Amino acid sequence: IKEFKSEFKYIPGLMVYYAVKSNHYSGVLKEVVKNGWGLDVSSGREMQLAIAAKAKKIIFSGPGKTEKELRLALKYNYKVIVQIDSFNELRKLAALLKRGQQIIAGIRINTQLHGSWSKFGIRLDDLKNFWRESKKYPRIKLSGLQCHMSLNYKVEPYQQLIKILGNYLKRNFSVKDLEQIKFIDFGGGFYPSNLDGYYPWDTALGNIIRIAANYFGQEPKFLQKYFLTQSPSLKKYAQIISQSINDHLKPILSCQYFFEPGRII
């Protein structure tokens, strides 16, 4: 935690939310909270754990939130941000608000960079329409964007995403709309270097060797049993992401940037 804090000092307006799904052990969660971080939850069960850990800031993300889970988020609306996943979830949340009740929310977006993760959230091209529709529900304080980038072992995806997002916002959002954006949540976590591994047959060449060996009824032979995943240092992640933020987002936005360490912690 201390290392992450030290290296990510480069990020302007940094706020860290540790994902309960990374390790829900109460001792870990309490230590995270003691260090001033928030908790990121993806279910009602995880939210109860975050509340028990006395988290002062909670992000409720993930698709398929039930009415029961949304009601729990509304009960703790003074410290919970709901990351909305769809137009339908926006309407569902609005219908559950009691008279005089408000909730801070963000919207999860996906781009061509998100690959299999694009099944979650809305397309970036739909963001302008979503922002417009959210104005029908003024008690949902739409205040940010979630751009979940999960377990990247390279920095380039973050650079590309930040550039794409900055260009979209400049073209499609008014100054007033931009002022409404108070946070951007990059979520997802970072790949631990030299910890996770993959097998030779997970590579393109290794898969060909395995197929050929199987065709001839033989066992494929590999010189190495596995490879360890190489990823940048925390410092490099932070420096390059910070520079991208300064280049493409800082000129148009004044907001916080949320990160979730993932299994790197």
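This is a dialogue on how to read some features of a predicted model.

Reader: Where do I start, and how many helices and strands does the chain have?

Author: Start with an inventory. The chain of this predicted model has 10 helices and 11 strands. Along its principal axes, the C-alpha trace spans about 70 × 45 × 40 Å.

Reader: What does the radius of gyration say about the chain?

Author: The value is set against what a compact globule with that number of residues would have. For 265 residues that would be near 18 Å, and the chain has 20 Å, which agrees. Two other totals go with this. Of the 265 residues, 48% count as buried. Among contacts with a separation of 6 or more, 67% join residues 24 or more positions apart.

Reader: How do I read a pair of helices, and at what angle do H3 and H4 cross?

Author: Look at the axes, then the angle, then the residues in contact. Helix H3 covers residues 44-52 and helix H4 covers residues 67-75; their axes come within 9 Å and cross at roughly 25°. Angles under 35 degrees count as roughly parallel, so H3 is roughly parallel to H4. The crossing of H3 past H4 is left-handed.

Reader: Which residues of H3 and H4 meet?

Author: From H3 there are Gly44, Met47 and Gln48, and they meet Glu69, Leu72 and Ala73 of H4. Sorted by class, this contact has three nonpolar, two polar and one charged residues.

Reader: Which residues of H3 are buried, and what covers them?

Author: Gly44, Glu46, Met47, Leu49, Ala50 and Ile51 are buried in H3. Their cover includes H4, helix H2 (26-34), strand S2 (38-41) and strand S3 (58-60).

Reader: What comes just after H3?

Author: Lysine 54 does, with a positive phi of about 65°. Lysine 54 has this positive phi although it is not a glycine. The loop that holds lysine 54 runs between H3 and S3. With a relative accessible area of 65%, lysine 54 is exposed.

Reader: What is the angle between H7 and H10?

Author: Read this pair in the order used before. Helix H7 (residues 156-172) packs against helix H10 (residues 234-248) at about 15°, and the axes are 9 Å apart. That angle makes H7 roughly parallel to H10. Their crossing is right-handed. In H7, the residues are Tyr158, Gln159, Ile162, Lys163 and Gly166; they meet Tyr237, Ile240, Ile241, Ser244, Ile245 and His248 of H10. The classes in this contact are six nonpolar, four polar and one charged.

Reader: How close do the axes of H5 and H6 come?

Author: The axes of helix H5 (residues 87-96) and helix H6 (residues 127-134) come within 11 Å, crossing at roughly 15°. H5 and H6 are therefore roughly parallel to each other. H5 passes H6 in a right-handed crossing. H5 contributes Phe87, Leu90 and Arg91 to the contact, and H6 contributes Asn129, Phe130, Glu133 and Ser134. By class, the contact holds three nonpolar, two polar and two charged residues.

Reader: Now single residues. Where is threonine 111 found, and is it buried or exposed?

Author: Threonine 111 is in the loop between strand S5 (103-110) and strand S6 (122-123). Its relative accessible area is 7%, so threonine 111 is buried. Apart from neighbours within four places in sequence, threonine 111 is in contact with Leu124 and Leu161.

Reader: Which residues is alanine 213 in contact with?

Author: Setting aside neighbours within four places in sequence, alanine 213 is in contact with Gln218, Glu219 and Pro220. Alanine 213 is part of helix H9 (residues 204-215). The relative accessible area of alanine 213 is 10%, so this residue is buried.

Reader: How far are the C-alpha atoms of alanine 213 and isoleucine 181 separated?

Author: By 55 Å, for two residues that are 32 residues apart along the chain.

Key:
Residues numbered from 1 in each chain as written. Predicted model: local features only at pLDDT ≥ 70, side-chain atom pairs only at ≥ 80, totals over all residues. Heavy atoms only, no water. Axes fitted to C-alpha atoms, helices over the stretch in contact; angles between N-to-C directions. Helix = DSSP H or I, 4+ residues; strand = E, 2+ residues; numbered from the N terminus. Parallel < 35°, antiparallel > 145°, perpendicular 65-115°, else oblique. Left-handed = near helix turned anticlockwise from the far one by under 90°. Contact = heavy atoms within 4.5 Å. Nonpolar A, V, L, I, M, F, W, Y, C, P; charged D, E, K, R; others polar. Rg over C-alpha atoms; globule rule 2.2 N^0.38 Å. Buried < 20%, exposed > 50% of the residue type's maximum accessible area, 1.4 Å probe, protein only.
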